[in-house]
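Reader: I have a sequence and a structure to look at. Please take me through them by question and answer.

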Amino acid sequence: MVFLKGDFMLKLVNPDEPPQGEVLSYVKEFVLCRESINGDNFLGNYLVNSSYEKWISYIDSCVEMDNFTYFLINENSNVIGMCNIKLSTDGFCSASYNIRPFLRGNGYGRVLLYLILERCKSLDCNGVYIVTSSCNIPSCKVLEFFGASYEDDDDFRKYVLEFPKVLKR
């Protein structure tokens, strides 16, 4: 999946595509900001307790269980964000995603969500579930931009993006 705008290109790639050093730099940025990485499919745990190579093997085995992980990279193979998509039995996908802390506020969340929606559509899903903290206002705004509806509880919002209406924007 590729997003092009003028000379600007972003694409979703499999986890073994970006250079390992770039992935490690991406993870270090979250550590520096004292944040967890949503949608990393245990990348942080593998780096602390095992190795990047073992995480790649784990990710490869997840595909067999309809669990897909992607990095969002630019034309220079810099990691901008990452996401995880899981197929569920009700015809929907559930997804989680994140943008590199120092690159937030530049529209990358919107691009990543668009590419997630396109990928889920290609998997013949009826829509996507995404849960976010009610305090994460930028993420809530991105989801609502795409027409997501949500159920609210005290700490979290469960968003639903149903096809085809969300991809008409």
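Author: Buried means under 20% relative accessible area, exposed over 50%, and partly exposed in between, with a 1.4 Å probe and protein chains only. The model is predicted, so local features need pLDDT of at least 70 and side-chain atom pairs count only at pLDDT 80 or more, while totals for chains, interfaces and linings use all residues. Residues are numbered from 1 along each chain as its sequence is written, and side-chain values use heavy atoms, with hydrogens and water left out.

Reader: Is Met-82 buried or exposed?

Author: Met-82 lies in strand E4; helices (H or I, at least four residues) and strands (E, at least two) are DSSP runs, numbered from the N terminus. Its relative accessibility is 0%, so Met-82 counts as buried.

Reader: How far apart are the C-alpha atoms of Met-82 and Tyr-26?

Author: Along the chain, Met-82 and Tyr-26 are 56 residues apart.

Reader: Which parts does the salt bridge of Glu-22 and Arg-100 tie together?

Author: The closest N and O atoms of Glu-22 and Arg-100 are 2.7 Å apart. Glu-22 lies in helix H1 (residues 20–32) and Arg-100 in the loop between E5 and H4, so the pair ties together parts 78 residues apart in sequence. Both Glu-22 and Arg-100 are buried. The parts tied together are therefore H1 and the loop between E5 and H4.

Reader: What is the separation in sequence of the parts tied together by Arg-104 and Glu-35?

Author: The side chains of Arg-104 and Glu-35 form a salt bridge, at 2.8 Å from N to O. Arg-104 is in the loop between E5 and H4, and Glu-35 is in the loop between H1 and helix H2 (43–49), so the parts tied together are 69 residues apart.

Reader: What is the relative accessibility of Arg-104 and of Glu-35?

Author: Arg-104 counts as partly exposed because its value is 37%. Glu-35 also counts as partly exposed, because its value is 32%.

Reader: Which side chain of opposite charge is nearest to Arg-119?

Author: Arg-119 sits in helix H4 (residues 108–122). Lys and Arg count as positive and Asp and Glu as negative, while His and the chain ends are not counted. Arg-119 is buried and has no salt bridge. The nearest side chain of opposite charge is 8.4 Å away and belongs to Asp-66.

Reader: Which side chain has a polar contact with Arg-119?

Author: A polar contact is a pair of N or O atoms within 3.5 Å; within protein, one must be able to donate a hydrogen and the other to accept it, and residues adjacent in sequence count only if both atoms are side-chain atoms. At 2.7 Å, the side chain in contact with Arg-119 is that of Tyr-70.

Reader: What is phi of Asp-66?

Author: Asp-66 lies in the loop between helix H3 (52–63) and strand E3 (67–74). At 35% relative accessibility, Asp-66 counts as partly exposed. Although Asp-66 is not a glycine, its phi is positive, at about 55°.

Reader: What is phi of Phe-42?

Author: Phe-42 is in the loop between H1 and H2. With a relative accessible area of 44%, Phe-42 is partly exposed. Phe-42 is a residue other than glycine with a positive phi, near 75°.

Methods. A salt bridge is a side-chain nitrogen of Lys or Arg within 4 Å of a carboxyl oxygen of Asp or Glu.
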